[in-house]
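Dear colleague,

I am passing on the structure below, and would be grateful if you could look through it alongside the notes that follow.

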Amino acid sequence: MGIRIRVLSMSLASLFYLSANATNCLKYEPDVVALTGLLHRATFPGKPNFESVASGDEPETGFYLTLKQRICTQQDSGPDRQGHDSVNEVQLVLTPDQYDSLRPQIGKQVALRGQLFSSFTGHHHTDVLLRVTQ
């Protein structure tokens, strides 16, 4: 009987920890979040195979943020709302004007605001992306 009570107690404690931890995770759009990190540019292979630029795939160059502090995201319904733990890098979704204004900040710490969504295509190169609003 004592073992059953201990197992039940540990199970309940785990559930409370998981639900408390999930409430600290960031929510996806339409919520707006603020993230801070190192802005950098990276190139990944694109169409047609998303495997190798050297083998003929189109290069996809974009801006990325290596986060100062890891984040987690809350799962929600839909393919662009998967829960992720321990995210340390996000791909930025920017307008042409935002690319122009952020370009001088490459290699520097920046603070950005926007809406999160999780990857769902081959063009998404991190688990979580930030659609930058400012």
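How many of the residues of strand E4 are buried? Strand E4 is mostly covered, with 7 of its 10 residues buried, where buried means under 20% relative accessible area, with a 1.4 Å probe and protein chains only; strands are DSSP runs of at least two residues, numbered from the N terminus.

Please bear in mind that this is a predicted model, in which local features need pLDDT of at least 70 and side-chain atom pairs count only at pLDDT 80 or more, while totals for chains, interfaces and linings use all residues. Residues are numbered from 1 along each chain as its sequence is written, and side-chain values use heavy atoms, with hydrogens and water left out.

On pairing (at least two DSSP bridges between two strands), E4 runs antiparallel to E1, joined to it by 6 bridges, with Leu35 opposite Leu112 in E4. E4 also pairs with E5 in the antiparallel sense over 5 bridges, and there Ser118 stands opposite Val128.

In the loop between E4 (109-118) and E5 (128-132) lies His124, which is buried at a relative accessible area of 18%. Leaving aside neighbours within four places in sequence, His124 is in contact with Gln91, Phe117, Ser119 and Leu129, contact meaning heavy atoms within 4.5 Å. A polar atom of the His124 side chain lies 3.0 Å from the backbone nitrogen of Phe120.

With the same exclusion of neighbours within four places in sequence, the contacts of Leu35 include Leu65, Val90, Leu112 and Leu130.

Best regards

Methods: Helix = DSSP H or I, 4+ residues; strand = E, 2+ residues; numbered from the N terminus. Buried < 20%, exposed > 50% of the residue type's maximum accessible area, 1.4 Å probe, protein only. Polar contact = N/O pair within 3.5 Å; in protein donor to acceptor, adjacent residues only side chain to side chain.
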